[in-house]
Amino acid sequence: MIYVFKTSVKTEDDVKTLKAKLDNISSIRTWDFDLEDCDNILRIDGSNISAEVIIDLLGGGNFECRELE
């Protein structure tokens, strides 16, 4: 399943901060940020994971995150 989130992640340093956390979730196959998009989009391809887990993960790093439909 593909999840799409609007985030407050703005820089490559922010992405590096989150990389280890995202990489450690085994149910995520791939993830990427589109920092050129005005909503700083995070796309996740994974299974057996909920949007709330991702929102909490980014929130724990002091980033805002909201699932887009």
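Which residue of β3 is the bridge partner of Ile 28? In β3, Ile 28 is bridged to Gly 46.

The model is predicted: local features need pLDDT of at least 70, side-chain atom pairs count only at pLDDT 80 or more, and totals for chains, interfaces and linings use all residues. Residues are numbered from 1 along each chain as its sequence is written, and side-chain values use heavy atoms, with hydrogens and water left out.

## Sheet and helices

Helices (H or I, at least four residues) and strands (E, at least two) are DSSP runs, numbered from the N terminus. Two strands are taken to pair if DSSP finds at least two bridges between them. Four strands make up an open sheet with the order β2-β3-β1-β4 and antiparallel pairing. The edges are held by β2 and β4 (65-67), each with a single partner strand, so one side of each has no neighbour in the sheet. On average, neighbouring strands of this sheet are turned by 25° against each other, direction ignored. Axes here are lines fitted to C-alpha atoms, for helices over the stretch in contact, and angles run from 0 to 180 degrees between N-to-C directions.

Six bridges connect strand β2 (residues 28-34) with strand β3 (residues 41-46) in the antiparallel sense. The hairpin of these two strands has six residues between them, and in it Asn 40 takes a positive phi near 45°. β1 and β4 also run antiparallel, joined by three bridges; in β4, Arg 66 is the bridge partner of Lys 6. Helix α1 lies across β2 and β3 and runs at about 165° to β2.

## Nonpolar core

A nonpolar core is a set of buried Ala, Val, Leu, Ile, Met, Phe, Trp, Tyr and Cys residues joined through side-chain atoms within 4.5 Å. The largest one has 19 residues, of which Ile 44, Ile 54 and Leu 58 touch the most other members. Two or more residues each are given to this core by β1 (2-7), α1 (12-23), β2, β3 and α2 (51-60). Helix α2 supplies the largest share, four residues.

Contact means heavy atoms within 4.5 Å. With neighbours within four places in sequence left aside, Leu 58 is in contact with Thr 7, Val 9, Leu 18, Leu 42, Phe 63, Glu 64 and Cys 65.

## Individual residues

Trp 31 lies in strand β2. Not counting residues up to four places away in sequence, Trp 31 touches Val 15, Lys 19, Leu 22, Asp 23, Leu 42, Arg 43 and Ile 44. The side chains of Trp 31 and Asp 23 are joined by a polar contact of 2.8 Å. A polar contact is a pair of N or O atoms within 3.5 Å; within protein, one must be able to donate a hydrogen and the other to accept it, and residues adjacent in sequence count only if both atoms are side-chain atoms. From Trp 31 to Lys 10, 21 residues apart in sequence, the C-alpha to C-alpha separation is 16 Å.

Ser 27 belongs to the loop between α1 and β2. Leaving aside neighbours within four places in sequence, Ser 27 has contacts with Asp 45, Gly 46, Ser 47, Asn 48 and Ile 49. One of these partners, Asn 48, sits in the loop between β3 and α2 and has a positive phi of about 55° although it is not a glycine. Asn 62, in the loop between α2 and β4, is another residue other than glycine with a positive phi, near 65°.

Asp 56 has its place in helix α2.

The table lists relative accessibility, where buried means under 20% relative accessible area, exposed over 50%, and partly exposed in between (1.4 Å probe, protein chains only).

| Residue | Relative accessibility | Class |
|---|---|---|
| Ser 27 | 18% | buried |
| Asn 48 | 80% | exposed |
| Asp 56 | 57% | exposed |
| Asn 62 | 72% | exposed |

## Cysteines

A disulfide is a pair of cysteine sulfur atoms within 2.5 Å, and a search of the whole structure finds zero. Cys 38 is exposed, with a relative accessible area of 72%, whereas Cys 65 counts as buried at 12%.
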